[in-house]
Structure formats: C-alpha cells, structure tokens
Amino acid sequence: MSTALLPDLSAACDCVVFLLVRDGQMLLEKRAMHKTSGPGLHSIPGGHVESGESCEQALLREMQEELGVQPLRWQHFCTLYYQTAELQRNHYYLVDDWQGIFSASRRSLCTGLAWMKLNGWMCRRTEWPCKPAGN
C-alpha cells in the first residue's frame, strides 16, 4: 500500500479537547463568525498545547481561558488526528467535575455556550434507518 497520500503525522500540532458532562448533558460553545474553521458552528471546546506544556497542563490552562472554570476531575479517553488548516493531534478529555462559573472570557473565539442532552442525541442516532444485509 502506498503512503504517498497520508499526511506526515510527525508534523501535527497537539491540542486538547474537553467534553464537559453533567446531568446527562454536554457543554458546547458557539464559534465566532470570523473563525476560519467552522465559523458560527457549535463545537466542543479546546485549544492548542503550548511549547513545553503537558496535555494536562494545557487542559487546565485552556479550560480557564476558554470557559473561566477549573477542572476537578478528568480522564483522557482518546487521541485522534484532525485536519483543519493544520494537522491536529487532538487529545480528548472527559471532564465531569469542575469549579467556577462559566464566563465567555475569550469572546473573540466563542460567542456563546449551550448544553446538549446526550440521551436525545443517542436516541436520534439509534433511529437512523438500517436494513439487514441482502434486503
């Protein structure tokens, strides 16, 4: 198999992505309209790992910068590559306990916050049409 079309994974920049979950809901942020990647869309908050910083240090810093809160309990659950204008190596964290009051401390990046019910999303997803093989 030729690898000519595969990106150079060593060139990826590290990012942290944090899924804040409480009472069966997940927090989303609405991206500012001037952003080049996904303007106006709701997305999972996150940010870049700075030089010399561990992923967990970036998680603590980014949650404070993006949302104005500090995580108290978190767990890394996967790392995935994602291509935007840059190749990202996204380290995903589930955060189910934090302290502080949400604030849009970085208005230039985020224009609002919204909670999404996880059970509603999962129900819709399981209702996708599915046909047995051969029919």
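The model is predicted, so local features need pLDDT of at least 70 and side-chain atom pairs count only at pLDDT 80 or more, while totals for chains, interfaces and linings use all residues. Residues are numbered from 1 along each chain as its sequence is written, and side-chain values use heavy atoms, with hydrogens and water left out.

**Aromatic rings**

- The structure holds 4 aromatic pairs; rings of Phe, Tyr and Trp (its six-membered ring) pair if their centres lie within 6.5 Å, and planes under 30 degrees apart count as stacked, over 60 as edge-to-face and the rest as tilted.
- The pair of Trp98 and Phe102 is tilted, because the ring planes are at 50°, with the centres 5.8 Å apart.
- Trp98 and Trp115 make a stacked pair, with 6.3 Å from centre to centre and 20° between the planes.
- Trp98 belongs to strand β6 and Trp115 to strand β7 (residues 110-117), so this pair ties together parts that are 17 residues apart in sequence; strands (E, at least two residues) and helices (H or I, at least four) are DSSP runs, numbered from the N terminus.
- Trp98, Phe102 and Trp115 form one aromatic cluster.
- Trp98 is buried at 6% relative accessibility; buried means under 20% relative accessible area, exposed over 50%, and partly exposed in between (1.4 Å probe, protein chains only).
- Phe102 is partly exposed at 26%, and Trp115 is partly exposed at 37%.
- The charged end of Arg22 sits over the ring of Trp98, 3.8 Å from its centre; the criterion is NZ of Lys or CZ of Arg within 6 Å of the ring centre and within 35 degrees of the ring normal.

**Gln88**

- Gln88 lies in strand β6, which spans residues 87-99.
- Gln88 counts as buried because its relative accessibility is 12%.
- Beyond its neighbours within four places in sequence, Gln88 is in contact (heavy atoms within 4.5 Å) with Ala12, Cys13, Cys15, His48, Leu80, Tyr81 and Tyr82.

**Helix α1**

- Helix α1 (residues 55-67) has 13 residues and reaches 17 Å from its first C-alpha to its last, close to the 18 Å expected at 1.5 Å a residue; the expected span is 1.5 Å times one less than the number of residues.
- The buried residues of α1 are Cys55, Ala58, Leu59, Arg61, Glu62, Met63, Glu66 and Leu67.
- An α-helix has 3.6 residues a turn, so residues three or four places apart point the same way.
- Gly68 follows α1 and has a positive phi, near 80°.
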